[in-house]
Amino acid sequence: KIGPEGGAAFASALQRNRTLRTLDLGDNRVGDQSATLLANALRGTTSLSSLQLQPLNDLHSGTPGLGHPASISGFSAVTNILKGNRTL
């Protein structure tokens, strides 16, 4: 699981990175707060051309992930950023 601290660190690195083309966060149970941080980092990203977020939740542990009703604001943040992104 990518917790708030991990999400903040990942988002910070993503904002500085200009060469990453593919990002696969599947099976990482990206939580609501981390998803919002990542969405904000994706706003200025122009090198990324592939983003994988599935599965959207962890059915085995019962922990809600991105796309689960418990994390709907993080999901909304990501989808809103993606609407304006021209490379993903």
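These legends go with close-up views of a predicted protein model. Local features need pLDDT of at least 70 and side-chain atom pairs count only at pLDDT 80 or more, while totals for chains, interfaces and linings use all residues. Numbering starts from 1 along each chain as its sequence is written, and side-chain values use heavy atoms, with hydrogens and water left out.

**View 1**
Of the 88 residues, 32% count as buried (under 20% relative accessible area with a 1.4 Å probe, protein chains only; exposed is over 50%, partly exposed in between). The accessible surface comes to about 5,200 Å², and 52% of that belongs to carbon and sulfur atoms (Shrake-Rupley method, 1.4 Å probe). Take the contacts between residues at least 6 apart in sequence: 76% of them join residues at least 24 apart. Contact means heavy atoms within 4.5 Å.

**View 2. Helix α1 packing with helix α2.**
Residues 4–16 make up α1 and residues 32–42 make up α2; their axes sit 8 Å apart at an angle of about 5°. The axes are lines fitted to C-alpha atoms over the stretch in contact, with angles running from 0 to 180 degrees between N-to-C directions. The two helices are therefore roughly parallel (angles under 35 degrees; over 145 is roughly antiparallel, 65 to 115 roughly perpendicular, the rest oblique). On the α1 side, the contact uses P4, G7, A8, F10, A11, L14 and Q15, and α2 brings in Q33, S34, L37, L38, N40, A41 and L42. Sorted by class, that gives 9 nonpolar, 5 polar and no charged residues (nonpolar: Ala, Val, Leu, Ile, Met, Phe, Trp, Tyr, Cys and Pro; charged: Asp, Glu, Lys and Arg; polar: the others, Gly among them).

**View 3. A41 in helix α2.**
With a relative accessible area of 3%, A41 is buried. Skip its neighbours within four places in sequence, and A41 is in contact with A11, L14 and Q15.

**View 4. S47, in the loop between α2 and β2.**
Strand β2 covers 50–52. S47 counts as buried too, at 12% relative accessibility. Its side chain reaches the backbone oxygen of L20 at 2.8 Å. Not counting residues up to four places away in sequence, S47 touches N17, R18, T19, L20 and R21.

How values were computed:
Helix = DSSP H or I, 4+ residues; strand = E, 2+ residues; numbered from the N terminus. Polar contact = N/O pair within 3.5 Å; in protein donor to acceptor, adjacent residues only side chain to side chain.
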